[in-house]
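Trainee: I would like to learn how the words used for a structure follow from its values. Could we go through them slowly, one term at a time?

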Amino acid sequence: MNPRLPFLQAKTAALTTAPGVYIMKNQQGKILYIGKAKNLRNRVTSYFRDHPDHTVKTAKMVSQVYDYDFIVTGSEYEALVLECSLIKQHQPPYNILLKDDKGYHYIRISKGAYPRITAEVNTDADGEYLGPYMSGFATKQTVNTVNRMFQLPTCTRPFPESFRKQRPCLNFHIGQCMGVCRGTVSSGVYHEAVADAVRFIKNGGDKTIPMLEQRMQQAAENLEFEEAARLRDRINAIRKAGEHQDIMDAVRVDTDVVGIASSDVSTYISVLIYRDGRLYDQSSFCISADALSEHPLDDFLPQYYSTKTGRDLPKVILTEDAPTEAALLTDLLTKRAGHTVSLEQPQKGLRRRLVLMAKQNAGEKLSLQSGRTGKELLAVEELGRVLGLSKPPMRIEAYDISNLSSAAMVAGMVVFEGGRPLKSAYRRFSIKELDLQNDYASMQEVIRRRLQEYRTAQENQSETERALNAFAVLPDLILLDGGKGHVAAIAPILEEFKLPIPLYGMVKDQKHRTRAIATNGGEIALRDKQAAFALLTRIQDEVHRFAITYMKAKHTKTSYALTLTTVKGVGEKKAQKLLLTYKTRSQLKAASVEALAKTAAVSLETAAELHKLIAELPDDTDTNPSDKGA
């Protein structure tokens, strides 16, 4: 706790209720955080309450606050403008700081008999360079386009050293590479293609096509029909690229498209910039893990556009969700731009596709940092958004009950971390408290035992031991294979343990396919949320597979135990002791009469009968699952 809390509380009690900006500082006078408020007293008071409900990041910041300053403004609008200016000036560690991936970029044409065209961020290597260009996105797009258009290789094979050593790759078969690796393309023909590509980069298609048409006609007149055909295909490729822009020409007015992807530690924001109806540039920003931002869009947009004016400000900004203070922000941007700026959230159509494309770009940036694919992270984020969670559920536990009537009653627990199965954390449960089938009561037993394992680990295990115990970590989300009845049965147990873990059920249709997600109050449809729906389906299928596999194995083992009890003198407990000692049938068959007698505590005569029975049973695979149980 901050020892300065009484002083800060007393100071805040006398604070004005006017709008303004507050500036949190540490003991050395360094600015920690800058924020704006419609009511300064109410906002600043929320930091210094005796029992605040702070996030971990906010609590860490508050613990360092020694004092704070404030600046009163005439309106909330003025507070927003001042906040942006001060953040840009002081760069406080707990504010969102926008550092993009900009720098100088170049297009390199390497040397050699078969040069390559690549996008580079420096000019260290030998070769000819075009540039510098400010946009890395545009540079990479240009390089990809010309390599595809002029059928230049993009693989890592060295030429001519690798001629005829490997089969041509897929790019050759789909017409995106001339197949230099076959050894049939001369260095002269290849250099001509590279020269045409460079001319296209420098002059564009309008000037390149007439020149190529003239060469094509000349080749035809000279009866060089193969060369004429090659030039014809090159002209067609340039024309096709000009006509088929697809989503690149998706908007008619200057538009910025903002996409956000978050994990439990980081947030990436991607901005696709459309000017003159074309995708002109792209910027990406990583928000610091320390930034105090529950709604990154609210902090990002004012700062990102705070230094932009005129043409740099678009007429339309597309986002997935509306900022909290959309009207205030629209007013700020419109005044700065000198023209109307609208904030829009498209729900369908091509503009919706643009928002998803920006979101995918942000997800791919995030995936490089997290080790997960962009698709996995976006699915987790979308699921969290659909369920109204405060953050993406990076760790998900799912449970399913499986039984054969009242025999072999078991449950399976699977864990998904970052949208991917974490099989080392899977656990299986035998139902111990029930004699008759009851799915609700079985699920209650399982969840209670799981949470008790967590409590025991926290109280009795060292930090090293807890790191190896899957039960020592709480999930961000619990999913039950079942409807709202299961949710209603389990919710009181979470309350009993005082653990506010989000809890939902996974509902199946009559064909045992995922249909919706259940809450205490009803159901949430997911079919229009493709990424979240796919993730939920995968989780439900996996937990069902895991639970039913354990049930079948246990049922087989139970049947085997019953077979052993047919020998006079061998009861159920002795049969179970044999199966616990000898994990597989092959181990049991390999046991001697003496070993069986000792393990089951029976006479040698009884053990001999037992040995004879075991030898007559068919061989089988291991019926003891290797997955850890509880």
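Trainee: What makes helix 10 count as largely enclosed by the rest of the structure?

Mentor: Keep in mind that this is a predicted model. A residue is called buried when its relative accessible area is under 20%, and 7 of the 9 residues of helix 10, which spans residues 296-304, are buried, so the helix is largely enclosed by the rest of the structure. The buried residues are P296, L297, F300, L301, P302, Q303 and Y304.

Trainee: Why is D256 called buried?

Mentor: The relative accessible area of D256 is 1%, and the limit for buried is under 20%, so D256 is buried. This residue is found in strand 7, residues 255-262, and, leaving aside neighbours within four places in sequence, D256 is in contact with residues including V271, Y274, R275, Y304, Y305 and L318. Y304 is also one of the buried residues of helix 10.

Trainee: What makes the pair D256 and Y305 a polar contact?

Mentor: The side chains of D256 and Y305 are joined at 2.7 Å, and the cut-off for such a pair of N or O atoms is within 3.5 Å, so the pair counts as a polar contact.

Trainee: Why is Q27 called exposed?

Mentor: Its relative accessible area is 56%, and exposed means over 50%, so Q27 is exposed. Q27 has its place in the loop between strand 1 (20-25) and strand 2 (31-37). Leaving aside neighbours within four places in sequence, Q27 is in contact with Q64 and Y66, while the C-alpha atoms of Q27 and V65 are 7.2 Å apart although 38 residues separate them in sequence.

Trainee: How do you know that strand 1 and strand 3 pair?

Mentor: At least two bridges are needed for two strands to pair, and 6 bridges join strand 1 to strand 3, which run antiparallel, so the two strands pair. The bridge partner of V21 in strand 3 is I71.

Trainee: What makes strand 2 and strand 3 edge strands?

Mentor: The open sheet has 3 strands in the order 2-1-3, with antiparallel pairing. Strand 2 and strand 3 (67-72) each have a single partner strand, so one side of each is left without a neighbour in the sheet. On average, neighbouring strands of this sheet are turned by 15 degrees against each other, direction ignored. Helix 4, residues 76-90, packs on the sheet and touches strand 1, strand 2 and strand 3, and its direction makes about 165 degrees with that of strand 2.

Trainee: Which residues have the most contacts inside the largest nonpolar core?

Mentor: They are L479 and I539, in a core of 30 residues. Several elements each supply at least two residues, among them helix 12 (349-370), strand 16 (477-481) and helix 17 (530-564), and helix 17 gives the most, with 7 residues. Not counting residues up to four places away in sequence, L479 touches I539 as well as I396, Y504 and L536, among others.

Trainee: How do you know that residues 243-249 should be read with caution?

Mentor: Their pLDDT stays under 50, and where pLDDT is low, the predicted coordinates should not be read in detail. The model has 14 contacts beyond four places in sequence for this stretch. Residues 621-627 also have pLDDT under 50, whereas the chain has a mean pLDDT of 83, with 89% of its residues at 70 or more.

Technical notes
Residues are numbered from 1 along each chain as its sequence is written. This is a predicted model: local features need pLDDT of at least 70, side-chain atom pairs count only at pLDDT 80 or more; totals for chains, interfaces and linings use all residues. Side-chain values use heavy atoms; hydrogens and water are left out. pLDDT is the predictor's confidence in each residue, from 0 to 100. Contact means heavy atoms within 4.5 Å. Buried means under 20% relative accessible area, exposed over 50%, partly exposed in between (1.4 Å probe, protein chains only). Helices (H or I, at least four residues) and strands (E, at least two) are DSSP runs, numbered from the N terminus. Axes are lines fitted to C-alpha atoms, for helices over the stretch in contact, and angles run from 0 to 180 degrees between N-to-C directions. A nonpolar core is a set of buried Ala, Val, Leu, Ile, Met, Phe, Trp, Tyr and Cys residues joined through side-chain atoms within 4.5 Å. A polar contact is a pair of N or O atoms within 3.5 Å; within protein, one must be able to donate a hydrogen and the other to accept it, and residues adjacent in sequence count only if both atoms are side-chain atoms.
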